[in-house]
Amino acid sequence: MDQNYLGLDQPTRYPRTSLAVAVEVLVHGPRSRAQLADRMNLSPASLTRLVKPLIAGGVLIEAEPVRSSALGRSSLLLDVVDDYRFIGVKLTADTAFAVLTDLRAQVLDSASLPLSATTPDDVVRTIQALVRSLARGATIDGVGITLGGRVRNGVVVDSPYLGWKQVELRQLASVVLDAPVHVDNDVIGLTNAEHWFGWGRGFPGFALLTIGAGIGYGLVLGDALVPTETGPVGHLPIDQGGPVCPSGHRGCLAAYATVGSITAAASVGHQRTLGFDEVIALAQEGDLIATRVLSDAAWAVGRAASMISDVTSVRRVILSGEAVPLAETAGDSLAAGLNQYRAVDVPPVDVVIQPADFFEWARGAAVVALQREFPRAPGPRAGIE
Ligand SMILES: [Zn+2]
């Protein structure tokens, strides 16, 4: 398995192949030894050797036997020991959204706070308040923070939404949070969440296209996250006669399908300022302007999804983000865009729609921490004040 899949940029605490077994059980659920050996191409003896340190270290547990076949044989299932808690924080231009999750990224609690100011110190104080309120004194195994923009090794290189450049966010947050802190791009967090716990599970390759304030693009190939810089896919050329994006391109994807492009186009038609939800509601009532704008946007998203599939060879494309309701409201146009240049002998792109409010993005942030902190090193754990 690949490094990225296992998140092995942290020091390893268990043999590498043992980790692969632990991740297999975490991602795909309880498995018998025979199932694991089969799925991972290992001999029963190898599997036993690999599993041993995981059980000794409290990572895996042998659960109650279940009758597994018509022959009446029963087998013990190995499962993860889930006494983990993670917090994910997604930063937008004006709000911090946070969730508390377990080891399988199920959301146990959530909270949000407005960002009254967006200096790094102010934002870190807001994150600290959210983490305290969600942790309630319990031990937290990792805090993941994600935001739109480029992130390298915990440093926010550039975040247009917060106006940040070269902000050492992981270091700043680590000073005030009594838990390991990980920082990453928000689309990467969402891609990781889909890979392990969502529509990408079981697919060695898939793409994620998010439509919202901006366009995001995540890619997994051969079970590994492929680094995709934020931005470029947003400017895929769709139609030279299309509208103009903020970068001055005529007819790129962003010119059609961001919240700003959609509301601007519908507002021009109606000669008044409309919000995104209003545009969706108007289209559902049959309003001609909203219908046209959403249909153009959905067609553009379909074109982009088919281009991504064509150049990467992934068949599954997950659509997500705040503007994804347009894909359902204008499903026919989405399909038209997907199929416009499809060769007759190529199967249709397998598109799935994953609604994502900002708490779903925060869950992606929790997965960023989860992938890097599982399994934890044996030993005592400190609590959050
Ligand atoms: Zn553009």
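Let's start with F359: setting aside its neighbours within four places in sequence, F359 is in contact with F97, V99, V107 and S110. Here, two residues are in contact if their C-beta atoms, placed from the backbone, lie within 7 Å. F359 is found in helix 14. Helices (H or I, at least four residues) and strands (E, at least two) are DSSP runs, numbered from the N terminus. Is F359 buried, exposed or partly exposed? F359 counts as partly exposed, because it has 17 C-beta neighbours inside 10 Å. The rule is that a residue is buried if 20 or more other C-beta atoms lie within 10 Å of its own, exposed if 12 or fewer, and partly exposed in between, with the C-beta atoms placed from the backbone.

A quick word on what you're looking at. This is a predicted model, in which local features need pLDDT of at least 70 and side-chain atom pairs count only at pLDDT 80 or more, while totals for chains, interfaces and linings use all residues. Residues are numbered from 1 along each chain as its sequence is written.

Now for the partner of helix 14. Helix 14 (residues 358-373) packs with helix 7 at an angle of about 75°, and their axes are 7 Å apart. Axes are lines fitted to C-alpha atoms, for helices over the stretch in contact, and angles run from 0 to 180 degrees between N-to-C directions. That angle makes helix 7 roughly perpendicular to helix 14, a label for angles of 65 to 115 degrees (under 35 is roughly parallel, over 145 roughly antiparallel, and the rest oblique). Among the residues making the contact are W196 and F197 of helix 7 and W361 and V368 of helix 14.

Next, find the open sheet of five strands, with the order 16-15-14-17-18 and mixed pairing. Two strands pair if DSSP finds at least two bridges between them. Strand 16 (224-226) and strand 18 (350-355) stand at the edges, each with a single partner strand, so one side of each has no neighbour in the sheet. On average, neighbouring strands of this sheet are turned by 25° against each other, direction ignored. Strand 14 (residues 206-211) and strand 15 (residues 215-221) pair in the antiparallel sense over six bridges, and A207 has L219 in strand 15 as its bridge partner. Helix 7 (residues 186-197) shows up again here: it packs on the sheet, and its direction makes about 45° with that of strand 15.

What about the inside? The largest nonpolar core has 117 residues, and those with the most contacts inside it are I87, V89, V301 and V317. A nonpolar core is a set of buried Ala, Val, Leu, Ile, Met, Phe, Trp, Tyr and Cys residues joined through C-beta atoms within 7 Å. Helix 11 (residues 288-312) gives the most to this core, with 11 residues. Beyond four places in sequence, the contacts of V317 include F206, A207, A305 and V351.

There's another open sheet, with three strands in the order 1-5-2 and antiparallel pairing. Strand 1 (31-32) and strand 2 (60-62) are at its edges, each with a single partner strand, so one side of each is left without a neighbour in the sheet. Three bridges join strand 2 to strand 5 (residues 77-80), and E62 stands opposite L78 in strand 5. Helix 2 (residues 16-28) packs on this sheet, touching strand 1, strand 2 and strand 5.
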